[in-house]
Amino acid sequence: MELRVGLRKSYGTFFLDADFAINGERIGIFGPSGSGKSTLVSLIAGLHHPDSGLIVLDGETLFDSRQRLDVRAERRRISMVFQRPHLFPHLSVKGNLLYGYKRCAHRHREIILDSVVEVLGIENLLDRGVKNLSGGEKQRVAIGRAVLSNPRLLVMDEPLSALDDTLKFQIIPFLKNTCRVFEIPYLFISHSLLEMRIMTDQLLTIAEGRIAEETTAEALARARMGGSPEGYTNLLRLAAPRRIDGFYGYRWGDQELFVSAGSDEPEALFELSSTDIILFKRHPEATSARNLLKCRVVDVFEAGSRVGVELECGGQRLIGQVVSQAALELHLVKGSEVYAAIKAAAFNKLG
Amino acid sequence: MLSFTSADYSAILLSLKVAVTATLLSLPFGFATAYLMTYRKFRGRILLDVCVNLPLTLPPVVVGYLLLLLLGRNGWIGKMVLQPLGINLIFTWKAAVIATAVVGFPLMVRSIRTGMETIDERLIQASRTLGAGLFDSIFTVVLPLSMRGLIAGSILMFARGLGEFGATIIVAGNIPGVTQTIPLAIYEYVSSPRGDVMAMALCLVSIAISVVVLLFHEWLSARMVRTD
């Protein structure tokens, strides 16, 4: 998907002036509340009209103030998933799912009801009304409805921010899977860097109505780790758990990680803060931490007043952080060997 | 034993006919006006608002008189549109329908608007991004979700129509069997000697119809809540 945008729009004292060209499939628009993210995407989707500018999607001009061209929202084939599901209350789940599909030209109907229903796991909901669905079910139906309209671009405007953490991490796999299986490019809007890291490959940051930079969520997370008391959050997708002495053992690369807060689910996502990783120059014969990993330093980088260390352990990557003094004492340079000690309780399961 | 004359029966039937016709006739216009006033920003919106609500504050007699001036032989509409088409409305039951529609219209619009204002605008936006054009969106999202307001507005207008007197007597007159509705018949009975009993009988009919209408409204509302 190739998107070229140059837009200006004023709302009272707020002024949006966004210029960018981006090529990719999983693009994030990241910024604090009130920075203009939602305004920008509502202009791209055609829900509001820019004062002036240009929108070109995959070579097709959707808006051009010079040519007085403004393709109507329903003709843009850009569907949206909003913060809340906004399902049509007078229609059944199936009626909601098929709303966009029925209005999609036959030649574009590649994604069909049965396959979406299967990916989202909503087979048993089809004939129900939407009012008594749970929050997670509603949001899954909303995703299905948007996807079934066979859009060329899916815009997700903070689709997870109204959900609690447990639900959020239950919905994320559905979102990711659906877009991957049906190959739908998307714009993902959020103010959560964690969501961005899970959902996007590229990132546009927006501040006070302007595009600040084009980066990746990963690079932004590293750049911000120095200024954050939580440091950098490592995300580990761990699978195949086994119970051992009150812990859960998960395969991670060619080693096993011991986790206190594991579960019997076949796969789970864990977060681990860079501040919870302790580095040793040599093998510390004994430690209370249940995980002691032999690692190779891949990169050492500035992170505010700290030093960030990228480690390679058994084919996997971890980011740790130390103070400058410790970096000197440990002789942290690319290629050096260290041992990382991590307590089993330091892993926090997401969802 | 009470016995209604044929003129009384026709007054009862005419009342129902006028109120039903006026309500059905006003529904599409009421819906369109409510939609414009709820969702559209345009110049003259306040003027439209004032015009729609004016019959609510004006004495019905004034509304009737203005309609007479407008629809009469020398009125703008009467002279320019109705006469060339060979249509005469004044002093026919159709004039009573128009008078009833104009007087009850603000009540209908208000009820529909109240319903429409509770519709989340995101639902309309969602339908647009899903490929629904403006009218498609209006018919498949706004209309079904305004149903409660439409029903409440219709019932309110129908009830108001049954009691319409001032505007009707001016544009339609009080011709027994032709334009005489229940209120007009009651008025005539009350003004004539020994008409009290018949006036009371027609009052009871009026009350009975109103009670039935209100019960119907309650039943319909309860049913809609259950469907929710």
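Here is a friendly tour, in questions and answers, of a predicted model with chains A and B.

Visitor: Let's begin with chain A. Between which residues do its two assigned domains run?
Guide: Happy to start there, and please keep in mind that the model is predicted. The C-alpha centres of domain 1 and domain 2 of chain A lie 35 Å apart. The domain assignment places domain 1 at 2-215 and domain 2 at 233-350.

Visitor: Which helix gives the most to the side of domain 1 of chain A that touches domain 2 of chain A?
Guide: The contact involves four residues of domain 1 of chain A and four residues of domain 2 of chain A. On the domain 1 side, they divide into three nonpolar, no polar and one charged. With three residues, the helix that gives the most to that side is α6 (residues 193-199) of chain A.

Visitor: In what order do the strands of the five-stranded open sheet of chain A come?
Guide: The pairing in this sheet is antiparallel. Its edge strands, each pairing on one side only, are β2 (14-23) and β6 (69-70) of chain A. Read across the open sheet, the order is β2-β1-β4-β5-β6.

Visitor: What angle does the direction of α1(A) make with that of β1(A)?
Guide: Helix α1(A) packs on the sheet, where it touches β1 (2-11), β2 and β4 of chain A. The angle between the direction of α1(A) and that of β1(A) is about 115 degrees.

Visitor: Why is helix α1 of chain A described as largely enclosed by the rest of the structure?
Guide: The buried residues of α1(A) include Lys37(A), Ser38(A), Leu40(A) and Ile44(A). Just after the helix, Gly46(A) takes a positive phi of about 90 degrees. Helix α1 (residues 37-45) is largely enclosed because the buried residues number eight of the nine.

Visitor: Which residues have the most contacts inside the largest nonpolar core?
Guide: This core has 97 residues, and its largest share, six residues, comes from helix α4 (residues 135-148) of chain A. It draws at least three residues from each of domain 1 and domain 2 of chain A. The residues with the most contacts inside it are Ile44(A), Leu154(A), Val155(A) and Leu187(A).

Visitor: Leaving aside neighbours within four places in sequence, which residues are in contact with Leu154(A)?
Guide: Leu154(A) is one of the residues with the most contacts inside the largest nonpolar core. Beyond its neighbours within four places in sequence, its contacts are Ser79(A), Val81(A), Ala146(A), Val147(A), Cys179(A), Ile184(A) and Tyr186(A).

Visitor: Is Asp245(A) buried or exposed?
Guide: Asp245(A) sits in the loop between β12 (233-244) and β13 of chain A. Its phi is near 45 degrees, a positive value in a residue other than glycine. There are 7 C-beta neighbours inside 10 Å, so Asp245(A) counts as exposed.

Visitor: In β14(A), what is the bridge partner of Gly249(A)?
Guide: Strands β13 (residues 247-252) and β14 (residues 255-259) of chain A run antiparallel and are joined by five bridges. Their hairpin has two residues between the strands, and Gly253(A) there takes a positive phi near 65 degrees. The partner of Gly249(A) in β14(A) is Phe258(A).

Visitor: Turning to chain B, how many helices and strands are there?
Guide: Of the 228 residues of chain B, 37% count as buried. Its C-alpha atoms fill a box of roughly 70 × 50 × 30 Å along the principal axes. The count for chain B is zero strands and eleven helices.

Visitor: How many C-beta neighbours does Phe91(B) have inside 10 Å?
Guide: Phe91(B) lies in the loop between α4 (76-82) and α5 (93-117) of chain B, with a positive phi near 65 degrees. It counts as partly exposed because its C-beta neighbours inside 10 Å number 17.

Visitor: Which helix gives the most to the side of chain B that touches chain A?
Guide: The contact takes 18 residues from chain A and 16 residues from chain B. On the chain B side, α6 (121-129) and α7 (134-145) each supply at least two residues. With seven residues, the helix that gives the most is α6(B).

Definitions and conventions:
Residues are numbered from 1 along each chain as its sequence is written. Chains are lettered from A and ligands numbered from 1 in the order in which they are written. This is a predicted model: local features need pLDDT of at least 70, side-chain atom pairs count only at pLDDT 80 or more; totals for chains, interfaces and linings use all residues. Two strands pair if DSSP finds at least two bridges between them. Helices (H or I, at least four residues) and strands (E, at least two) are DSSP runs, numbered from the N terminus. A residue is buried if 20 or more other C-beta atoms lie within 10 Å of its own, exposed if 12 or fewer, and partly exposed in between; C-beta atoms are placed from the backbone. Two residues are in contact if their C-beta atoms, placed from the backbone, lie within 7 Å. Domain bounds come from an automatic or database domain assignment. Ala, Val, Leu, Ile, Met, Phe, Trp, Tyr, Cys and Pro count as nonpolar, Asp, Glu, Lys and Arg as charged, and the others, Gly among them, as polar. Axes are lines fitted to C-alpha atoms, for helices over the stretch in contact, and angles run from 0 to 180 degrees between N-to-C directions. A nonpolar core is a set of buried Ala, Val, Leu, Ile, Met, Phe, Trp, Tyr and Cys residues joined through C-beta atoms within 7 Å.
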